[in-house]
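Welcome! Take a moment to look over the sequence and the model below, and then let us walk through them together.

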Amino acid sequence: MTTTYREAMRAALRQALQEDERVFLMGEDVGRYGGCYAISQGLQQEFGETRIRDTPLSESAFVGAGIGAALGGMRPIVEVMTVNFSLLCLDQIVNTAATLRHMSGGQFSVPLVIRMTTGAGRQLAAQHSHSLECWYAHVPGLRVIAPATLEDMRGMLRLALEDPDPVIIFEHNALYNREGELTEVAVADIRRAAIRRPGKDITLICYGGNLHKTLEAATASAESGIDAEVLDLRSLRPLDDETILASVRKTRRAIIVDEGWHSGSLAAEIGMRIAEQAFYDLDAPLARVCTAEVPIPYPRHLEQAALPQVESIVGKVREVMGQNV
Amino acid sequence: MSAPTSQVSREQGLRWLKDMIRVRRMEEKCAELYGQEKIRGFLHLYIGEEAVAAGSMPELSAEDAVVATYREHGHALLRGISMNAIMAEMYGKREGCSGGRGGSMHLFDAKTRFYGGNAIVSGGLPLAVGLALADKMQNRQRISVCFFGEGAVAEGEFHESLNLAALWQLPVLFICENNLYAMGTALARSESVTDIHRKAESYGIYSSAADGMDVVSVNTAVRAAVTRIREDKKPAFLEMRTYRFRAHSMFDPELYRDREEVDQWKQLCPIATLTAQMKAQQLIDDRDIDGIEKDTAAEIHSAVEFAEGGHWEPVEDLTRDVYTESR
Ligand SMILES: Cc1ncc(C[n+]2csc(CCOP(=O)(O)OP(=O)(O)O)c2C)c(N)n1
């Protein structure tokens, strides 16, 4: 079936609402407006105002209320418009959602799903272009996932709802309009990383909105005789070390592509894990392609220069492979 | 609510008209340029709400500070940032008032003490409180004015800021531009108490509401509030009841309100209202309006030329201005 990532997520929401009475969606402008990225368009007409619940601009309060509702037996899906605004509810997520189970000695769990859009690329400037996945992936008690394929966009929500603990789903804004063939939803997985392109020379590790750029870079590298393997993390916390290490041990080289800023990035964490566990299997230094250390600038040429691009990934591949650049 | 316009002098009225028309036409041009993809990203038009900025800015002195939101083109222009610098910023050119780095949502200007251009709803309120705190601690007589939409009222930062300003008796003027919608969420769907100025009262802050579609009413309210703040050295709060005629941003299909409602509010257009009043009082005639329109068209024309002729910053400078460069 041909569909878009937007429609895939909408279908996932619809299915979740149909299957489980306890499920409801709340967030800013999810109802009458139809969602700021039009994900939930039409759902309020279908499921009513109590289950597609518009909230005031009160990120801390409605995420906190989601935590409470989850404790109270509901299965809330809270949409925070974008990761940028999630900074206003960081406290509720980090200090309450992530800690309740532990602080209560395992008595309480928080089966809450939080969805948020992430990423840059639309010239929305410094306050609307963050990729802060790694901040959340830092926190024990949270599960953090990032769909990169249509199947995962369609299938991950359900798996997240089945999880007894808080799950954050990061949806990259560049994916929503993308169209493709949706095959089997059952292949979605939130636990295991996936090899999206097998190869033998080098492993390119990526997630979310950067999968397509990375696949393109792999195709481009093939023209210069480099057979790159592309690994889609899917889960940013916990990380699937096993799949990562198996791939790196096979190819003996790795580059991590991550839209987070270079310093303190998820790429840094993954690189360190490889160094810790597979150092002697490597034939070349580890490398990463991340966002430049600058708040995202508004002009297109500067924004594009700040972000990982197909060309910068290809360049890094050549460098690591020891080809002249 | 409307104050009698009979006291409006020809000179004062013409200034307001000119200010509002400059904002209106500049933004109409921006919408057109957005269609041509000269301006990118988010663009939030102030069209319909011009009376608020036009009635407020003349009451501020050059030393006062202004904090605004992403819907700030009018505030920036009427605060005195040149249309050239604003337009160049919209393009993302180096000659823009933020060096091109900010774009439409992040207009800044140190000279006129214009502190943005904040695209996080309610993000500017604590900033204004802090600016006022600095003034108080250094015994300066200036005030900080903070513009924000009614959507911000639901955020914790709104309440925390009002409390702090009242508790520490800081010279802040909070101006809530209540245009009834936060994106697609109507005020009555997001607030248990919709009389916003009453919320400020609960913090012991002097507070009132004014007709934000009427520049005279706005100006009267702002003048009274500013005088009070300068005398009492305490914050004040104004709720301006207004309406945006255009979509929230260029991406909004406006599914949440009826055409008729928008049309009704358009009848209250602040430019048309003041023009009609002044004409009825024979303070102005068509030639005055034509003159303003002509001057404005010329100003816009040269601003667009200026922006077109501006420069793209070289990519080598990508990481500039992240930290102070000379320490
Ligand atoms: C903290 C935060 N949450 C959500 C948003 C997304 N957003 C941008 S503008 C807006 C509506 C704000 O409405 P209001 O404050 O009334 O101002 P108006 O746009 O009407 O001028 C929303 C929800 C944001 N920018 N910041």
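## Where the two chains meet

What area is buried between chain B and chain A? About 3100 Å², with carbon and sulfur atoms giving 63% of that area. Please keep in mind that this is a predicted model. Chain B brings 40 residues to the contact, and chain A brings 31 residues.

How many salt bridges are there between chain B and chain A? The count is 1. In this salt bridge the side chain of A:E49 meets that of B:R189, at 3.6 Å from N to O. On the side of chain B that touches chain A, helix α4 of chain B (residues 83-91) gives the most, with 3 residues. The residues of that side of chain B divide into 20 nonpolar, 13 polar and 7 charged. Between the two chains there are also 11 residue pairs in polar contact, counting pairs with both residues at pLDDT 80 or more.

## The sheet of chain B

Now turn to chain B, where 6 strands make up an open sheet with parallel pairing. Their order is β2-β1-β3-β4-β8-β7. At the edges sit β2 (114-118) and β7 (206-211) of chain B, each of which pairs on one side only. Neighbouring strands in this sheet are turned against each other by 15° on average, with direction ignored.

Within chain B, strand β3 (residues 144-149) pairs with strand β4 (residues 172-178) in the parallel sense, over 6 bridges. Which residue in β4(B) is the bridge partner of B:S144? That residue is B:V172. Helix α5 of chain B (residues 124-137) packs on the sheet and touches β1 (65-69), β2, β3 and β4 of chain B. The direction of helix α5 makes about 175° with that of β3(B). Helix α8 of chain B (residues 215-232) packs on the sheet too, touching β4, β7 and β8 (236-241) of chain B. The direction of helix α8 makes about 175° with that of β8(B).

## The sheet of chain A

Chain A has an open sheet of 7 strands in the order β3-β2-β4-β5-β7-β6-β12, and here the pairing is mixed. Its edge strands, β3 (52-54) and β12 (235-237) of chain A, each pair on one side only. From one strand to the next, the twist averages 25°.

Strand β4 of chain A (residues 75-82) and β5(A) run parallel and are joined by 5 bridges.

## A salt bridge within chain A

Over all chains, the count comes to 49 salt bridges. One of them joins A:R115 and A:E171, whose closest N and O atoms are 2.7 Å apart. This pair links distant parts of the chain, 56 residues apart: A:R115 lies in strand β5 (residues 113-118) of chain A, and A:E171 in strand β7 (residues 167-172) of chain A.

## Backbone details to look for

Two cis peptide bonds deserve a look. The bond from A:R237 to A:P238 is cis, with omega near -5°, and A:P238 is found in the loop between β12 and α9 (241-251) of chain A. In chain B, the bond from B:G116 to B:G117 is cis, with omega near 20°, and B:G117 belongs to strand β2 of chain B.

Finally, B:E37 is a residue other than glycine with a positive phi, near 65°. Look for B:E37 in the loop between α1 (10-35) and α2 (50-56) of chain B.

How values were computed:
Residues are numbered from 1 along each chain as its sequence is written. Chains are lettered from A and ligands numbered from 1 in the order in which they are written. This is a predicted model: local features need pLDDT of at least 70, side-chain atom pairs count only at pLDDT 80 or more; totals for chains, interfaces and linings use all residues. Side-chain values use heavy atoms; hydrogens and water are left out. Two strands pair if DSSP finds at least two bridges between them. Helices (H or I, at least four residues) and strands (E, at least two) are DSSP runs, numbered from the N terminus. Axes are lines fitted to C-alpha atoms, for helices over the stretch in contact, and angles run from 0 to 180 degrees between N-to-C directions. Contact means heavy atoms within 4.5 Å. Buried area is the accessible area (1.4 Å probe) that two parts lose on being put together, summed over both. A salt bridge is a side-chain nitrogen of Lys or Arg within 4 Å of a carboxyl oxygen of Asp or Glu. A polar contact is a pair of N or O atoms within 3.5 Å; within protein, one must be able to donate a hydrogen and the other to accept it, and residues adjacent in sequence count only if both atoms are side-chain atoms. Ala, Val, Leu, Ile, Met, Phe, Trp, Tyr, Cys and Pro count as nonpolar, Asp, Glu, Lys and Arg as charged, and the others, Gly among them, as polar.
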